[in-house]
Amino acid sequence: VTLTANSGSKVYNGQPQTLTGYTGAPEGVTFESVTAFGSGTDVGEYNVTFSDGAVGKISTDRKYIVTAANPGKLTITPLALTVTGKSDTVKYTGSLQKLDTYTVAPALPTGHALSGLSYLAQGTTVGDYTGAFTGTATIKDASGTDVTANYTIKAEPGKLTIVADDT
């Protein structure tokens, strides 16, 4: 029989991820000491390969022999983040009013931190003011390694709305 290591896709989570197993064995048939394993952490493709000596193994029922063992692929894809600027509606005060915070969703993996990005929506008179991001987002893990390449980052500005104070 020809065995093929499993292939699959996982989203980056900052931790080592694994893929095991294979297909091609007839139902209910097992091959002792035949395993397939692949592991990776960062975005990319990793081989899922068989343990040494898989080819030539005889099934436990002694009816089948492994004639080929084809590798599979573990694909780790980027974690998609959305950075959303704060939105708010406030009453006119005659002074400059600002919104300068943002949220990140989903949450970053434990130990990862986003920096290098600033957000500002500001206005003085009644009206709508769309915020803007400045800078370049950088994400580092707990050891300080730049892991930005493992993410796709979408920035969605918020809006400051200043309304008349009718009091």
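Let's start with secondary structure. The chain has 17 strands and zero helices. It is also more spread out than a compact globule, because its radius of gyration is 26 Å, well over the 15 Å that the globule rule gives for 167 residues. Keep in mind that this is a predicted model.

Now the overall dimensions. Taken along the principal axes, the C-alpha atoms fill a box of roughly 90 × 30 × 20 Å. How much of the chain is buried? Of the 167 residues, 27% are. The accessible surface comes to about 9,500 Å². Carbon and sulfur atoms hold 51% of that surface.

Next, contacts along the sequence. Take the contacts with a separation of 6 or more. Residues 24 or more positions apart account for 61% of them.

On to two individual residues. First up is Gln17. It sits in strand β3, which covers residues 17-20. Is Gln17 buried or exposed? Gln17 is buried, because its relative accessible area is 10%, and the cut-off for buried is under 20%.

Thr67 is in a loop. That loop runs between β6, residues 44-50, and β7, residues 68-70. Again leaving aside neighbours within four places, Thr67 is in contact with Val1, Thr2 and Val55. Here is a distance to look up on the model. Thr67 and Pro78 are 11 residues apart along the chain. Their C-alpha atoms are separated by 36 Å.

Last topic: charges. The chain carries 11 positive and 14 negative charges. The mean positions of the two sets are 4 Å apart. Side chains of opposite charge can pair when their charged atoms come close. How many salt bridges does the model have? The count comes to one. Which side chains form it? Glu156 and Lys154 do, at 3.1 Å from N to O. Glu156 counts as partly exposed because its relative accessible area is 30%. Lys154 is partly exposed too, because its relative accessibility is 47%.

To recap. The chain has 17 strands and zero helices. Gln17 is buried in its strand. Thr67 lies in the loop between β6 and β7. And the one salt bridge joins Glu156 and Lys154.

Technical notes: Residues are numbered from 1 along each chain as its sequence is written. This is a predicted model: local features need pLDDT of at least 70, side-chain atom pairs count only at pLDDT 80 or more; totals for chains, interfaces and linings use all residues. Side-chain values use heavy atoms; hydrogens and water are left out. A salt bridge is a side-chain nitrogen of Lys or Arg within 4 Å of a carboxyl oxygen of Asp or Glu. Buried means under 20% relative accessible area, exposed over 50%, partly exposed in between (1.4 Å probe, protein chains only). Helices (H or I, at least four residues) and strands (E, at least two) are DSSP runs, numbered from the N terminus. The radius of gyration is taken over C-alpha atoms; the globule rule is 2.2 Å times the number of residues to the power 0.38. Contact means heavy atoms within 4.5 Å. Accessible areas come from the Shrake-Rupley method with a 1.4 Å probe; for residues, only the protein chains shown count as cover. Lys and Arg count as positive and Asp and Glu as negative; His and the chain ends are not counted. The place of a charge is taken as NZ of Lys, CZ of Arg, CG of Asp or CD of Glu.
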